[in-house]
Amino acid sequence: MSWRDRSEALAPGREKERQPMGAMNRIGAVPPEESHDEMDSAATKIQAHVRRRRDSESVQYVLAAKALSHMESKAESDALEVNRSLVKTAAVLANQGQDVSPRLATPVHYATTAKPGPVMFFPLDADDESDASVPRTTSGKPRIHFSATPNGGVELSRDSVAEILQYIKTPDSPPLGVDCMRRLIVRGTELVRRQVTNALLELTTPPSPGRLVVLGDTHGQLNDVLWIFFKNGEPSSDNVYIFNGDVVDRGKKSVDILIAILMFKLWDPTCIHLNRGNHEDRSMNESYGFLDECVEKWGVEHGVELFELFNTLFESLPLFMLVDKSTFIVHGGLWRHNCGLTQLRRLAFRRPIPEPGQNGLTNPGDAIFFDSLWADPQAGRGFGVSPRGPNIITWGPDVTDRFLRGNSLRLLVRSHEVPTNGRGFQYHHDGRCLTIFSASNYCGQVGNLGSVLILHRDQEVQIEEHWAPSMQELADAEGAFARIKQQASQRSRRRCYSEAMEAEVLRRVQELIVKHKPELFEYWSLVDTSPRGVFSIAPSVWRDGCAAVLDNELPWVRLQEVLGVVGPGHMVHYVKFLTRYRVAFEANYGLSASGWERAVWSRIMEMLLHADLPLREALAALDVTNNGLVSPVEFSRLLESCRVDITSVQARALLRTFAAHAGETSGGAGATLEVSLWDMLARLQGSLPVAPALVDKDPEMAKWAVSKLHIVSEAVLEDARRRLCETDANPKEWPDARLLAVWFEDADASQNGYLECGEFVQALQRIGTSLEKRGCPSDAASLARVGKYCDIAGNGRVNYFELLNALTWEESIGPEFKTDMFETINGAIYFNQATIRRALQQFDPELRGTVTPGNFVTAVRAVQTALVGTQGADGLTAVQIETIADHIPRERDNTINYDKFLNSFKIVDTFNFSSD
C-alpha cells in the first residue's frame, strides 16, 4: 500500500466526508404528520440527557486541557529561571574558590569546510574508534554504510536507513553504539551546517503529485513519528518532511527520533528538515529529560559527550523556514520588533537561545531569536505578557497581518503548544496563523489528537489528524490498522483523559497553594469580615484570592468544586484550607525526618533561650507600640535581637500559625497579621522543654528536676492568679504566659529583668506550703536545683523565656508551631530541588547521587546565596543547612545520598497523609 493509499484510507472522518448530504439529512428525520407516542418521548428525553452529558464532558475536557496547557507553559518558563539560578550559583562557588568547571563536556565546534574521511563500514555497536571501520556483528546490531559524495559530503544507502529504522521500531532494542552515534551526529551536523547558511531556510514543495509534510512538537514520542511515516509515507524526494522543533524532552525516545531524522538526512539531504524549537537547547534538555535519556542509554561519560554533540547540532539548525515563498514556518511565533525576511536572514543563530537578563532582552537580535521560539498567539491586538513568564510575549492578529502582508505571505505555521480543543491543530487570527501539534495523547495524559500539515504545490493546505498506536502495535503496523480506525472518535476517550488531566492540574495547583501561602493568607485576612478567630470568607472571595495571588487563567469555579473548599454555611475556612496542603518529608527512601527536623527546631529554641534578654526588653521587643499585639515587624525584631537563626519567611509563617490558633484575641476581621502578645508567649515553646547542659553532666539531678516542673508550674500560676490578677478578670485575657510575666516581675526584687538564684528560691519559698502539698520539697537546696535546671544559659540566673520554657511546655501548641516552621524549610528545599540537585552534581561528576557532608553544605549554601532577591530565596539559613547536613543519615562511606534526600520531599494532602 503506497503512502497516498494509506493516507486516504486512514484520514479520520474521511468516510463521513464522502457521504452524500441527502443521506446525512435523512438520519433521524421525522415526517411532519407523524405523532410521538410515549416511547418516542422517552427516547427523546434520553437522547437529550445523553447530549447534555456529552456537552458537559466536552466542556470539562476543554477546561482541563486549557488549564494543563497553561500550567505546562509556565513550568517551561520556570526552567529558564532555574538556569539563571545555576549561573548565579556557579559564580558564588567560583568566588569561594571552588572548582566549578562545567559538569558537561565542552561543546564541539565544527568548521563548515570540514572534509569527510574515506568510505567507511562499521557496526553500530563499535566502542573503539580505532577499529570502527572493521565490520563486526557480535551483538547482532545493524551496520551503517557511509560513503563519500562527489561534493565532499557523505551519504548513507537506503538499505542502511531501512535497517536502522526497523531496529529502532523494535521494542526494547538496546541503544546504538557510542562510536557510531558520535559519527552519525557529527556527520549530520556537518551536513546541516553546509545546507543551512542563515537563520531562514527556503524550500519548495516537490512537483505534483509530490508534497511536503509538516510536523509540530513530537517530544520524544517515537510512536507518533513512526505512525506518521507509516500513514503518510517515509521521507523521500517527493514526500518531504519538516519537523518544526521540540523533537526532544519529555518522552523517552527523543534520541531515536533524532537518529531517524539524521539517517534520512544523510541518505537524501533534501527529504527531511529540522527547525529549532525552544527545547532544542541545553538549558531545557537538562530539566526536561533529554540529558537524562542520554546518560541512561550510554552512561555518564559517553552520555554527556553525545548530549553535547546533539546540542551542537541544535545550535546549527535554522529558526525559520519559508516554503514556496508563501508559507512561513517557525516554532513559537512572531517577535516584539518589526522585522522582515531580509533581517531574519542576517540574524546570528548558531548559538544557545538567548535568555532574558534582569532588564529583559535589550538586544533586538536576541529578542527576535527568543520570541521566535517562545511566543504564543493572543486574541487581542498588539503584544501581551505571556502566562509562561514575564519576559515571554504573546502577539495579536494585527501583528500577524502586518508580517504576512509586509512579506507577501499567505500563512504562518507554528507549533509550541497543545491545542486546547483536543485536536491536533488550531487556527488563530482569522485563519492566517495555524498551530500544528503532532504528539497525540501528549505525555500519555492529555488525550489529544496529533496532526500534520500537508502542503501541495499550488493547492490548499490539508491537515491530517491521527492517534498513534503503541510501539508494540507498531511492530505489526498492518495489524494495528483496524484498531486505529476504531480510535478515530475521540469522544469515547475524553472522560478518561479529562480525569487524568484534572488530577495533574490539581497536583500543580496544590504546589501553587503551598508556595504562596503567605500571600494567600494576607489577601484573605485583609478582606475577612468575620469575627476574630473565625477565618471565614465567601467562596467568591476565595476564588478572587486564588486568581489574584496564584493565577487568574485557571478555572477556579471548577477547582473550588473539585477541591471541596466550601464548608458549613456555604463559607470557606481559609486557615483550614491553607493548612491542608503541605510540603512534607516522607520516609519512603530510608530517611527519617525525626533526626534533622528535631535538631533544627532545638537549635532555634536554644538560640532564643541563650539570648538571655531581661523581661522588659523581651516584652518591648515583641510589642514596641504597647498595644498588646505583635506585628510581623515587631516579631522579626525580637528574633533579630535574640539572634534566632530563622529567615523572614519562616518568621512570618510562625506568626501566621500563632494567629490561626490564637482564637478571638488574634487575626481576623480584616486586620493585618497581628497576634496577641500573651498568646504568642504562651505558644512559643515546643512540645518538650529545651534541656540545659547539666542533663548530660548530672542526669539523676535533671530527672528529679523534670519531675517537679509541673508541680512548680501549678503552684506559681495559682499564686499569680490569687495575688497579682484582678478578681473579676477575664481568664481569656490572662493566659499562663501573662501570669508568669507578672509573677516574674514581682519576684525580681532587684528589678534587673532577671531572677537571680536567690530571688528565684525566695519567690518559691513564699509558696512553699503549696509546693509541699503537691509533693515538691521547699527547702532552699531543692528549689535551687529546680532553678539550676531552668537556667538554660548556665549563667546562674533565670530569664523570662527560660521560665516560660520550663513551666508552660505541657500546655503549648508546639506541634502546629513546628509543622508550619518546617514547612517553610521543606518548601525552601522542595521548590528549589532542580537548582540544589544541579549544584550538588558539581561535586558528583559521576552522578552517583552522593556527596560529602562538607560539599552538601557548600552547594546548598551557594544556592541560597544565589537566590537572594528572587522568589523562594528566603528559605534556609547557614546554621539550618549545617544542622540538616549533620543529621542526615550517612551512607557506608560517610557520604550523604542527596538523591534520596531530595526525593523524600513532596506535596501532601494532610487529610489523607501521615508521616513519621
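Strand β13 (residues 411-414) is covered on both faces: Leu411 and Val413 on one side, and Leu412 and Arg414 on the other, are all buried. Buried here means under 20% relative accessible area, with exposed over 50% and partly exposed in between, using a 1.4 Å probe and protein chains only. Strands (E, at least two residues) and helices (H or I, at least four) are DSSP runs, numbered from the N terminus. Before going further, please note that this is a predicted model, in which local features need pLDDT of at least 70, side-chain atom pairs count only at pLDDT 80 or more, and totals for chains, interfaces and linings use all residues. Residues are numbered from 1 along each chain as its sequence is written, and side-chain values use heavy atoms, with hydrogens and water left out.

What does β13 pair with? Strand β9 (residues 327-330) pairs with β13 in the parallel sense over 3 bridges, where pairing requires that DSSP finds at least two bridges between two strands. In this pairing, Thr327 stands opposite Leu411 in β13. Strand β15 (residues 433-436) also runs parallel to β13, joined to it by 3 bridges, and Arg414 stands opposite Thr435 in β15.

Now turn to strand β5 (residues 211-215). Here 5 of the 5 residues are buried, so β5 is largely enclosed by the rest of the structure. In a regular strand the side chains alternate between the two faces of the sheet. In β5, Arg211, Val213 and Leu215 point one way, while Leu212 and Val214 point the other way. Strands β5 and β6 run parallel and are joined by 5 bridges, with Val214 opposite Ile242 in β6.

Strand β16 (residues 450-455) pairs with β17 in the antiparallel sense over 5 bridges, and Ser451 stands opposite Glu465 in β17. Contact means heavy atoms within 4.5 Å.

Next come the aromatic rings. A pair of aromatic rings is described by the distance of the centres and the angle of the planes. The structure holds 28 aromatic pairs, counted when rings of Phe, Tyr and Trp (its six-membered ring) have centres within 6.5 Å; planes under 30 degrees apart count as stacked, over 60 as edge-to-face and the rest as tilted. The rings of Trp524 and Tyr574 have centres 6.0 Å apart and planes at 50 degrees, so this pair is tilted. Because Trp524 lies in helix α17 (residues 517-527) and Tyr574 in helix α20 (residues 574-580), the pair ties together parts that are 50 residues apart in sequence. Both Trp524 and Tyr574 are buried.

Phe856 and Phe901 give an edge-to-face pair, 5.8 Å centre to centre with 80 degrees between the planes. This pair links distant parts of the chain, 45 residues apart, with Phe856 in helix α35 (residues 853-866) and Phe901 in helix α37 (residues 898-903). Phe856 is buried at a relative accessible area of 3%, and Phe901 is buried at 1%.

Thr895 sits in the loop between α36 (878-887) and β26 (896-897), and at 11% relative accessibility Thr895 counts as buried. The side chains of Thr895 and Asp893 are joined by a polar contact of 2.6 Å. Such a contact is a pair of N or O atoms within 3.5 Å; within protein, one must be able to donate a hydrogen and the other to accept it, and residues adjacent in sequence count only if both atoms are side-chain atoms. Leaving aside neighbours within four places in sequence, Thr895 is in contact with Thr850, Val851, Thr852, Pro889 and Arg890.
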